Amino acid sequence: MKKFILRLYSSFFIRIGLAITVSLVSLYLALRNISLEDVGASLKQANYWFVALALVSVGINTLAKTSRWMVLMKPRNQNVTYYQVLKSLLIGQTLNTLYPARVGDLSRAHIIGSLGAGRTYVLGTVGVEKVIEMFSYAVLFIILLFLIPLPDWVSSSGYTFTFIA
């Protein structure tokens, strides 16, 4: 049975069909409760300079994360290119947006791990990344406490998160 499943998975047409199916289901889940009229009205009110600035900052963040991943993976980097890491990061972010339980992080470990770095090593790298992010968010929360007054519900959950981090 395992050989049959591996043979199916290695088939180009099966993988393309599976990718199209997952994409269509994801697109349906993303758009099922969206009112196109509301989206249009919001776009008419948007300041496009801020939208452009936000898109540029997201792009820079994604490229920086890819560079960080290349550094974290350096000891086991067996012909894993920047483009492959970027592609797996974007796939993972898309899956995290659409599905619960951080499925995208697991998919990133699977994709990059199968390129030669080892899935366990890459999953450990994901863990290191999440610890770094937790501490970064805790530091940002502490800085924010000194800059602006926060509502009670924000500060109480922020204190809890900082304590856990």
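Let's start with Thr125, which sits in helix 7, residues 119-147. Helices here are DSSP runs of H or I with at least four residues, numbered from the N terminus. This is a predicted model, so local features need pLDDT of at least 70 and side-chain atom pairs pLDDT 80 or more, while totals for chains, interfaces and linings use all residues. Residues are numbered from 1 along each chain as its sequence is written, and side-chain values use heavy atoms, with hydrogens and water left out.

Is Thr125 buried or exposed? Thr125 counts as buried, because its relative accessibility is 5%. The cut-offs: buried is under 20% relative accessible area, exposed is over 50%, partly exposed is in between, with a 1.4 Å probe and protein chains only. The side chain of Thr125 reaches the backbone oxygen of Tyr121 at 2.9 Å. Leaving aside neighbours within four places in sequence, Thr125 touches Trp69 and Leu72. Contact means heavy atoms within 4.5 Å.

That takes us to helix 4, residues 48-72. Helix 4 packs on helix 7 at about 125 degrees, with the axes 11 Å apart. So helix 4 is oblique to helix 7. Axes are lines fitted to C-alpha atoms, for helices over the stretch in contact, and angles run from 0 to 180 degrees between N-to-C directions. Under 35 degrees counts as roughly parallel, over 145 as roughly antiparallel, 65 to 115 as roughly perpendicular, and the rest as oblique. Helix 4 crosses helix 7 in a right-handed sense. Right-handed means that the near helix is turned clockwise from the far one by less than a right angle; anticlockwise is left-handed.

Who makes the contact? From helix 4, Lys65, Arg68, Trp69 and Leu72; from helix 7, residues including Tyr121, Thr125 and Ile132. By class, that is 7 nonpolar, 1 polar and 4 charged residues. Nonpolar covers Ala, Val, Leu, Ile, Met, Phe, Trp, Tyr, Cys and Pro; charged covers Asp, Glu, Lys and Arg; the others, Gly among them, are polar.

Staying on helix 4, look at Thr62. Thr62 is buried, because its relative accessibility is 9%. Beyond neighbours within four places in sequence, Thr62 is in contact with Leu86, Leu89, Leu90 and Gln93.

Next pair. Helix 5, residues 82-98, packs with helix 6, residues 103-117, at about 155 degrees, axes 7 Å apart. That angle makes helix 5 roughly antiparallel to helix 6. Their crossing is right-handed. Among the contact residues are Ser88, Leu89 and Gly92 of helix 5, and Ser107, Ile111 and Leu115 of helix 6.

Last pair: helix 6 and helix 7. The axes come within 7 Å and cross at roughly 135 degrees. Helix 6 and helix 7 are therefore oblique to each other. Helix 6 passes helix 7 in a right-handed crossing. The contact includes Ala109, His110 and Gly113 of helix 6, with Arg119, Tyr121 and Val126 of helix 7. Here the classes are 8 nonpolar, 3 polar and 5 charged.

His110 is partly exposed, at 35% relative accessible area. Which side chain does the side chain of His110 meet in a polar contact? Arg119, at 3.0 Å. A polar contact is a pair of N or O atoms within 3.5 Å; within protein, one must be able to donate a hydrogen and the other to accept it, and residues adjacent in sequence count only if both atoms are side-chain atoms. His110 and Thr120 are 10 residues apart in sequence and 8.9 Å apart in space, C-alpha to C-alpha.

Technical notes
Helix = DSSP H or I, 4+ residues; strand = E, 2+ residues; numbered from the N terminus.
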